[in-house]
Amino acid sequence: MKNNQVETGLAIDLKAAAAALQAEYGIVARLIQQTSDAHSIYTDLATAHDMVCTLPSIIQAAKREAASPNWASNCALALLNTAIMLYVRATKTSSRHRRSFDMRSKLDAQQKIVHDKLCALRDDAIAHFGPGHLRDNLTWQIEGIFIPLDRPDDLKIMTGSRRIFQQQELQDEFKLQLEQALEIAKEEVNRRNSRLVDSLNSHIGDKQLLAILHEHRVNLRDFFEGDTARDEALGGLRQGIVSGHTEHR
C-alpha cells in the first residue's frame, strides 16, 4: 500500500487477516491463501536447489578426508535425501496446511520422466525403506548379510549396508529439474500475486475491509526474529502495487 513514512518494519499480516476476512470477503481470503501456498512451494524448491548445489563441495571434502569420510558422506546423503523430499513435497503432495498446484502438467516429456523417478525414489526409498531403483541394477540402498569365507576356521555372520550419495548422473538431472520447477513456481507466484493485488484494489475505499486489515498489523522484526533479516527482506523484490493508504495508529 502506498503510504507516508511510517515506522520501519510495520506491516499488515494478510495470512493472519484471512480468517477474519473469510465471512465477508471470501474471495480475498482464498487468494491470500493461494498466494501463500505458491510462495511456500517456491521456497521448498529453492531450498532443495541450494542443497543440491552444495553437494559437490561436500563430496570433494569426503574424498579429501578418505581416512575418515563419514561426516561428509553422511552430510551429502542427508542433503540429497532432504532435497528430494522437498521437491516431491512441493510438486506432488498436498496437506491441510498447504495446497499444491499441478506442476507436472507444465513439464515436457523428459522432465516428466525425471519427475516420476524422483517421486518414486522418495516414496520407495526415502520416505519408506525400499531399494529405490535408479537404473540398470543400481539401487538407492541395499542391505546384505553374509558368511565371509576368507577365514575357513572362523566363520561368522557379517552384515552390511550400502547407500548412494555419489550418483553424479542423478544429481545433474535433479539440479536441472529443480531449475525448471523453480521457473514454473515463480510464474505461479507472480500470477497469484497479481490476482490478489487486483482483488485488493477492487475494494479500495471499503472501510470495513481496511478496518479488518489494520487489526492485523505486525512488526516484521518479530516475524524475521531480528532487524537484520527484516531489513534484508524489506530490501528485496516486492510484487504488485496495492493502491490506497495506510493508517499509522
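Visitor: Which way does α1 cross α2, left-handed or right-handed?
Guide: In this predicted model, the crossing of α1 past α2 is left-handed.

Visitor: OK, and at what angle do they pack, and how far apart are the axes?
Guide: The angle is about 150°, and the axes sit 8 Å apart. Here α1 covers residues 14-21 and α2 covers residues 26-64. With that angle, α1 is roughly antiparallel to α2, because the cut-off for that label is over 145 degrees.

Visitor: Which residues in α1 and α2 meet?
Guide: From α1 you get Leu 14, Lys 15, Ala 18 and Leu 21. In α2 they meet Gly 26, Val 28, Ala 29, Ile 32, Gln 33 and Ser 36.

Visitor: And by class, what does the contact of α1 with α2 have?
Guide: Six nonpolar residues, three polar and one charged.

Visitor: Switching topic: where does His 49 lie?
Guide: His 49 is in helix α2.

Visitor: Buried or exposed, that His 49?
Guide: Buried: the relative accessible area of His 49 is 15%, and buried means under 20%.

Visitor: What does His 49 touch, leaving out residues up to four places away in sequence?
Guide: Lys 175, Leu 178, Glu 179 and Leu 182.

Visitor: Now the cysteines. How many disulfides does the count come to?
Guide: Zero disulfides, going by the rule that the two cysteine sulfur atoms be within 2.5 Å.

Visitor: What about Cys 119, buried or exposed?
Guide: Cys 119 is buried, at a relative accessible area of 6%.

Visitor: And what does Cys 75 count as?
Guide: Cys 75 is partly exposed, with 29% relative accessibility.

Key: Residues are numbered from 1 along each chain as its sequence is written. This is a predicted model: local features need pLDDT of at least 70, side-chain atom pairs count only at pLDDT 80 or more; totals for chains, interfaces and linings use all residues. Side-chain values use heavy atoms; hydrogens and water are left out. Axes are lines fitted to C-alpha atoms, for helices over the stretch in contact, and angles run from 0 to 180 degrees between N-to-C directions. Helices (H or I, at least four residues) and strands (E, at least two) are DSSP runs, numbered from the N terminus. Angles under 35 degrees count as roughly parallel, over 145 as roughly antiparallel, 65 to 115 as roughly perpendicular and the rest as oblique. A crossing is left-handed if the near helix is turned anticlockwise from the far one by less than a right angle, and right-handed if clockwise. Contact means heavy atoms within 4.5 Å. Ala, Val, Leu, Ile, Met, Phe, Trp, Tyr, Cys and Pro count as nonpolar, Asp, Glu, Lys and Arg as charged, and the others, Gly among them, as polar. Buried means under 20% relative accessible area, exposed over 50%, partly exposed in between (1.4 Å probe, protein chains only).
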